[in-house]
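Dear colleague,

I am passing the structure below on to you, and my notes on its core and its aromatic rings follow.

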Amino acid sequence: MTNKAVYDRYTSAKINALPFPTNYALMDAKYNLYLIKEGENRIYKYPLPADESYYVRSSHYAFTNVPISHLAYDSSTGWLYVLSAEDSKLFVIRASDMKMVKEIHPGPQPTDVKIDGGKVYVALSGATKMAIYDAKTMQFLGTVPLIAAPRSLAIGDGKIFFTDNSRTLTGSIAVYDMKTKKQWRIPKVFINPLIGYDEKQNVLYVGQEGTSDHDLYAVRLSDWHVSQLLSFPGGDDAFFMNGGEIFYGKARINPAQPGALVAAEFPEPLRAASRQYIITSRAIYNRATGTKIADLSSEALLATAGDDGMIFTYRKVATNHYLIKQKLSQ
């Protein structure tokens with residue numbers, strides 16, 4: 001805030017002009033302004049305009065007071081998918097101007113979003129179902145009842161893999177065959193499993209969250225053989241795949257290199273990866289060289305990135321939940 005206006009901290013864009021110039025001003029956590037007009041013994045209170053559910057500030061920045069549980073980005077459509085499990089909402093945002101295209105209520109407690117084959121799949125752990133939408137129009141295509149409440153999804157080999165969201169000590173991984181419509185569980189018990197599919201190897205990788213250690217497993221889909229690849233100290237539960245590599249906690253893992261699986265470890269938890277970048281909770285790294293490109297101004301709780309160079313981070317400051325769009329110069 002200056003003596004004449006209020007500016008966005010991340011983009012420096014002007015949000016609102018003050019009703020009068022002042023050298024004495026204060027703003028609280030709910031964005032109420034308290035101003036003193038010189039020559040008067042009064043304090044004036046002015047609330048900044050804000051929508052209680054969703055409010056977009058600029059083409060690079062948005063915020064919502066709805067807690068966000070998952071992010072996904074489809075560079076082919078330029079749409080950013082924002083899940084709120086707490087509010088059971090899926091926001092579809094146009095990345096070019098960060099304006100909301102649709103607010104969807106897919107069902108109770110959505111936990112994961114995957115885009116594959118022109119369709120958007122939403123895991124609904126509160127309904128033990130999966131909702132499906134057309135990726136171009138976001139037209140609702142229907143739901144699929146599942147044999148377990150899904151926590152996370154992975155898609156490949158004509159199948160949809162999903163994990164049990166019971167969050168008990170043990171968990172399971174189930175399979176839905178899109179052709180035959182049959183479902184079954186993989187015959188091994190895991191602890192709070194997280195999954196990712198490698199199309200080139202036709203392998204489902206499973207991260208197991210233990211009480212003190214994290215374990216990584218490979219499920220060979222040709223015969224459903226399960227093998228343990230490695231174990232390392234536990235920590236942040238981030239687990240995702242990109243470009244044939246696994247990102248787990250703080251470790252970058254290359255499963256195609258036996259004996260040297262952990263290619264790199266980062267000083268902070270991983271959040272997302274694309275062809276060009278690796279994003280952690282505090283910085284952006286060059287994927288090819290592993291060198292740090294930029295520090296983030298605040299901690300990223302979630303992130304997603306596309307091979308078109310777009311980076312989206314979710315951060316929480318005070319009572320607001322922020323989505324910040326970045327595109328670094330090459």
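Over the ring of which residue does the charged end of Lys 37 sit? That ring belongs to Phe 20, and the charged end of Lys 37 is 4.7 Å from its centre, where sitting over a ring requires NZ of Lys or CZ of Arg within 6 Å of the ring centre and within 35 degrees of the ring normal. Phe 20 is also joined through ring pairs to Tyr 44 and Tyr 46 in a cluster.

This is a predicted model, in which local features need pLDDT of at least 70 and side-chain atom pairs pLDDT 80 or more, while totals for chains, interfaces and linings use all residues. Residues are numbered from 1 along each chain as its sequence is written, and side-chain values use heavy atoms, without hydrogens and water.

The whole structure holds 11 aromatic pairs (rings of Phe, Tyr and Trp, the last by its six-membered ring, with centres within 6.5 Å; planes under 30 degrees apart are stacked, over 60 edge-to-face, the rest tilted). Trp 184 and Trp 224 are edge-to-face, because their centres lie 5.7 Å apart with the planes at 90 degrees; this pair links distant parts of the chain, 40 residues apart. Trp 184 is partly exposed at 30% relative accessible area, as is Trp 224 at 25% (buried is under 20%, exposed over 50%, partly exposed in between, with a 1.4 Å probe and protein chains only). Phe 239 and Tyr 248 also pair edge-to-face, 4.9 Å centre to centre and 90 degrees between the planes; Phe 239 is buried at 12% and Tyr 248 at 0%.

Best regards

How values were computed
Helices (H or I, at least four residues) and strands (E, at least two) are DSSP runs, numbered from the N terminus.
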